[in-house]
Amino acid sequence: MATARARDIPDRPGAASGGTLDAARAAHAQRRAQLVEQLRTATAPPRLDKEISNLFRERERVPAARIDTSAFRHVLAVDREAGTVEVEGMCPYGDLVDATLPHGVMPAVVPELMGITIGGALAGVGIESSSFRHGLVHETVLEFDMITASGEIVTARPEGEHAELYFGFPNSYGTLGYAIRILAKTIPVKPYVRLEHRKFRDAPAYYEALAEACEDPSADFVEGEIFARDQMVLSVGRFVDQAPYTSDYTFEKIYYKSILEREEDYLTVRDYIRRWDTDWFWCSKNLGMEIPLVRRVIGRERLNSLTYTRIMRWFNRSRLGKVYDLLGYRSESVIQDVGVPIERAPEFLAWFHETIGILPVWNCPFRAIHPHGFPLFSTPPGALFVNFGFWQPVRRREAKPDHWYNRQIEKKVAELGGVKSLYSDSFYPEDEFWRHYDRRVYDGLKRRYDPEGRLRGLYEKCVLRR
Ligand SMILES: Cc1cc2nc3c(=O)[nH]c(=O)nc-3n(C[C@H](O)[C@H](O)[C@H](O)COP(=O)(O)OP(=O)(O)OC[C@H]3O[C@@H](n4cnc5c(N)ncnc54)[C@H](O)[C@@H]3O)c2cc1C
């Protein structure tokens, strides 16, 4: 498996004279040609064959041609001056960050889990604590090459022949084609991030402070964590050149616990970017990873979301997941990220505590930047939204219809003018689904880029799990 290393990555201006960029491009062209061949000769509908996935939705097993894209994980060039990185679509963010930091830059938005690929975050939806300023991952993408199911390659940009694809690709989840090369925005970094954790007992005051932090030009990163009805933390990060000390949450100490204990902290920029990966936010505790002995046995290198994803998949396939059912509990998996306009966030939170009751909850502010908007994940340009992330089973002794909790969330989010990401389970009836995700635009793109319907449709894939 090729792993991008900083010294192998050409910095574009130097590379132009030295020729390294040409070599990287030539190797990319060769991989493209092989992929085109795979798609042209496929005898069944294609399906992406990826080593790792962050999709929390089991899909029906149907006959398909597995399209191997694992070679598309190279960083082709970092252009510090232009503030861009050119990268292949299946490059995981862990590798991408390692490749850009030595050049003094990072991608403008880096999702928290290091196994998420840049193409996956573009085709799905990627968010991070810099999204209040730079938007969701797709807003940081300047152009991308998409390969269609029939093996044609098109380059989408905000203007020109494929502009509609540029805006319609985010949240299309591989149903229009696959992003194989991406030019994305980077931002300059400093060596450290100084963190401030402010504690709140009252939701309206907390959201007011969150909104204020998003207007503060000195803030580089803004997010929040809800630990209890009266225990909310606003975390604001700023790049700094020097740090009096640095904390390490990549092994024995646990990041989310530090938020409650500390008011101030310093992390290296790399550790800041990876802060949620080591313990999968707080979800690693469900796998016993907070026990010091278990952490030592697993080891620093394997304490990460990739390890937990593998364990969870095995757990779900095995009968162990049925233990709670045997104890008389009914359990419904509620793994969701939903965006709500910030004015409605206190209302959503109060409802959430009452109806769903999962804790902790992650809050990440974001806004759409481009005035055109993105029809499959539409929020009014400029308007501040708060992402609520919660990832736990709800276990109750009382009987509820199947998927009851997830459906309540879908209805509440719609009622408040919010938007739901589609990486996990969705249960919308079809007409309701298309009221939230622009059918007219999607159907037009589908007709143009996948006229034979070789790839599944968005509703079939994301709701019917085909
Ligand atoms: C527990 C959990 C927590 C999450 N937390 C975060 C978070 O903190 N921040 C965040 O930004 N996101 C988060 N996500 C969402 C995640 O960003 C999306 O699910 C994203 O699509 C995953 O990308 P991936 O590379 O892992 O793709 P995969 O999981 O492999 O695939 C996701 C979907 O995208 C399609 N796809 C993948 N690559 C491409 C491509 N190159 N071109 C076209 N289609 C493609 C696949 O066909 C598939 O339908 C979370 C998801 C989960 C399950």
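Analyst: E4 and E8 (residues 178–188) run antiparallel and are joined by 5 bridges. Two strands count as paired if DSSP finds at least two bridges between them, and the elements themselves are DSSP runs numbered from the N terminus, with helices (H or I) of at least four residues and strands (E) of at least two. Please keep in mind that this is a predicted model: local features need pLDDT of at least 70 and side-chain atom pairs count only at pLDDT 80 or more, while totals for chains, interfaces and linings use all residues. Residues are numbered from 1 along each chain as its sequence is written, and side-chain values use heavy atoms, with hydrogens and water left out.

E4 also pairs with strand E3, again in the antiparallel sense, over 4 bridges. In that pairing, Val78 stands opposite Val85 of E4. E3 and E4 form a hairpin with 4 residues between them, and Gly83 in the turn has a positive phi of about 70°.

From H4 we can move on to Ser129, in the loop between H4 and helix H5 (131–134). Ser129 is buried, with a relative accessible area of 0%. Its side chain makes a polar contact with the side chain of Glu128 at 2.8 Å, and Ser129 makes another with the side chain of Arg275 at 3.4 Å. A polar contact is a pair of N or O atoms within 3.5 Å; within protein, one must be able to donate a hydrogen and the other to accept it, and residues adjacent in sequence count only if both atoms are side-chain atoms. Leaving aside residues up to four places away in sequence, Ser129 touches Glu112, Asp220, Phe221, Val222, Glu223, Tyr272, Arg275 and Cys364.

Two of those neighbours also meet each other: Arg275 lies over the face of Tyr272, at 3.9 Å from the ring centre. The criterion is that NZ of Lys or CZ of Arg is within 6 Å of the ring centre and within 35 degrees of the ring normal.

Stepping back to the domains, an automatic or database assignment gives domain 1 (6–188) and domain 2 (192–275). Their C-alpha centres lie 29 Å apart, and 15 residues of domain 1 are in contact with 16 residues of domain 2.

Strand E9 (residues 192–200) is joined to strand E11 (residues 231–240) by 9 bridges, and to strand E12 (residues 264–268) by 5. Leu195 shows both sides: it stands opposite Gly237 in E11 and opposite Asp265 in E12. Further along, 12 bridges join strand E13 (residues 330–341) to E15, with Ile335 partnered by Trp391.

Trp391 also belongs to a cluster linked by ring pairs, together with Phe227, Tyr249, Tyr255, Tyr256, Trp276, Phe281, Trp282 and Trp362. Rings of Phe, Tyr and Trp (its six-membered ring) pair if their centres lie within 6.5 Å; planes under 30 degrees apart count as stacked, over 60 as edge-to-face and the rest as tilted.

Conventions:
Buried < 20%, exposed > 50% of the residue type's maximum accessible area, 1.4 Å probe, protein only. Contact = heavy atoms within 4.5 Å.
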